[in-house]
Amino acid sequence: MKTIAEFIAEANEYCRQTGMEPAELSPTTINSADTDYSVKSSGDEEIISVTRFFSGKMIELLKDIPLLIAVSDQNGVILDMVGDETIKKQVNNLGIKCGIQFTASTMGTNVVNLSLDHHWGPVEIIGESHYHHYLQSTACYGVAFKNTTTGEVLGSFVVMTDIKHQNPMITMLLATIVDSIERELVLRKQNRQLNMLHQVMMDNSQYGVITTDLDGVVLEFNIRAEILLEQKARDMIGNHVRNLRDIGKYIQAVLNEKTRYDDVYITIGQEGEDSQRFCLFDAFPIYDDSYQTIGAFAQLRDITEVYNVQQRFNFLANHDEQTGLPNRRFLTTNLTKMIEEMNNNKTNHPLAVIHLDLDRFKIVNDTLGQKDGDFVLKRIANRLASHFGENDFIARVGGDDFILLVPMNEQEDIQQIGKRLLQIFKEPFVMKGYDFHITASIGIALFPNNGRTTEELLVNADTAMFQAKKQGKNQYVLYSDELDPKSHDKILLEASLRKAIDSDELVLYYQPKINIQTKEMIGVEALVRWRHPTLGMLPPSEFVPLAEETGLITQMDAWVLRTACKQNKKWQDMGIPPFSVAINLSSNQFASDKLPDLVQTVLCDTGLKPEYIELEITETMTMDVEHAIPTLKKLNELGVKISIDDFGTGYSSMNYLTKFPIDRLKIDRSFIWNIEKNVSDSNIVITIIRMAHNLGLKVIAEGVENEKQLQFLHDHGCDEVQGFYFSEPLPVETIESGFLRIQGAVSGDK
């Protein structure tokens, strides 16, 4: 595939062959008027509205750089120009203004045409790469934006500045901004479609819908409202809401008192009449963007056919549709009532709250389908109901979750209840010739021992159920305080973590970093692990957040720094060829003014030369520029290398990044995962590599897991990679005993 430089060269050659005079310009306008281009298309108006917003954001972000931003349509016609007035006046004097159409035959080599013709990524033309003399003192950048649904090119987004302000970060920012423009255009299109559907939905809605203005004048009155209220829309629209039968007073209260109604049960018509209807009514104020009331919305849901009487309505409001069992709402109400009665009667008899979750029920749904899966759930509900008495309460509270409330007498044994529940599932459920052996994980909490409120009992039963899952499923677990992960386990883990450093329980693993050209290991990254005496080897995700929460992270970071430097010096003393070790700094450690002194002390104590350590900071750590710049300069003066980790995910200032004394950019793994499939991710990666190389920085990509990712990065000039494709993090012993083998592995088949 040709590079953009080759396309520029072809464009300039075309200009020479056609005899185009580089000192002259012949702009072509698409209208005869001398005034600025008059937008005729609603699509163009929308593009201008969206791009002008993001143009403002870009100008604000790069406020120290004078920019002129222009937007064209898919034919190269300039729709809008905003930005630096001096630059704008200069190009206007050349005849370039809104309405001018950029073509290769009239405008020569330009970013508008190139970005539209080759819309695979950002385009830049700087200085003498332009054909026309008047542009050779400028740096121009452009990128096409598309309809991401259809792939149709909609136009180009172009940035122009003086050549002395050229900045590779503009190219990267363009890719991000155009992605935002494309997303916004899609959202607006979707909103238009929603508006078109609104009227269709109003007229075909099963609900009666009424809207009013602030004065109570009816604005909308759909067909269903006509049927339910037996009033015509032609009589009600423009009339006052007080004339609405049965519900007018409620809507008036919404407007006057800001009252809100949800699921209010309303009877419309006279009792006993055939036309009498039973409805659920909702009404609430409508607000504008300033949260000022501008009207009211009301809807009626006809429940006459479902709820022939009030009792039927209450039943469906409190019961699960598939099984007929009480639902969570009914369960909560009933459990609260039972607790109140027990407290009032001062009974000491326990109440068992049992959370039962079916194990691997997804297999049933996958085999039989959702409909038959629901039928199996009904049979399970029937089997549960047949094994418990009238005083027991069974509810379905989720997809395959049931909760039982079982009052107990003094002679009853909770262990027997647990065993009885497990016994219910011994017999398989037969459906369509299949025997489904379904099991359950059961958690039990007792009132009052394990909680005296509804919430406590339900949460504790849920905790016990998850413990049953963890222990292998198909069993019951009685709740105890030791099961609470927010108290006992966390306290113990924190106490253990405080001792871990002094007890030599923390260990470092090292993940190789690979030169993408030679496939040789040129360094490692130090990654901390915790060899817990009882829990085994813990990954950082299970203790680093706790260390940050408790303030232990600073002590841990110092240990990692010292241990990694000491280990690297030991490897060198063993005769292993020297390489650098990368060490991650936490935000707490980087924020400390004592960091440079700590690094210097560690280097002196271990005897390791500074060029053999690389400190990794995240992009977001640099947001405090007043702290970041002097800290990085002090570290740079020590001779250590600095890399920006997770690059592309943070919000570091484009203007300041060039001032940071850094050596590498590490592309975040989130961009690598879909690099072969996601055009946006691949463009961002390409842009980061180009930008870094323009700044004299090396680029390392993390999270490389397959050959295609590696080949893409190799083709686009990435310098280094790391990831499971080459090696997972390795213990010290493997590095020491297998260094030559590792070198051979990474430089052989892979």
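A crossing of two helices is called left-handed if the near helix is turned anticlockwise from the far one by less than a right angle, and right-handed if clockwise; by this convention, helix 18 and helix 20 cross in the right-handed sense. The model is a predicted one, in which local features need pLDDT of at least 70 and side-chain atom pairs count only at pLDDT 80 or more, while totals for chains, interfaces and linings use all residues. Residues are numbered from 1 along each chain as its sequence is written, and side-chain values use heavy atoms, with hydrogens and water left out.

**Helix pair**

- Helix 18 (residues 553–573) packs with helix 20 (residues 595–606) at an angle of about 30 degrees, their axes being 9 Å apart; axes are lines fitted to C-alpha atoms, for helices over the stretch in contact, and angles run from 0 to 180 degrees between N-to-C directions.

**Sheet**

- Five strands form an open sheet in the order 14-15-13-18-19, with mixed pairing, where two strands pair if DSSP finds at least two bridges between them; helices (H or I, at least four residues) and strands (E, at least two) are DSSP runs, numbered from the N terminus.
- Strand 14 (393–396) and strand 19 (475–478) are the edge strands, each pairing on one side only.
- Strand 14 pairs with strand 15 (residues 401–407) in the antiparallel sense over four bridges.

**Helix on the sheet**

- Helix 11 (residues 328–345) lies across strands including strand 13 (351–358) and strand 18 (440–447), and runs at about 20 degrees to strand 15.

Methods:
Contact = heavy atoms within 4.5 Å.
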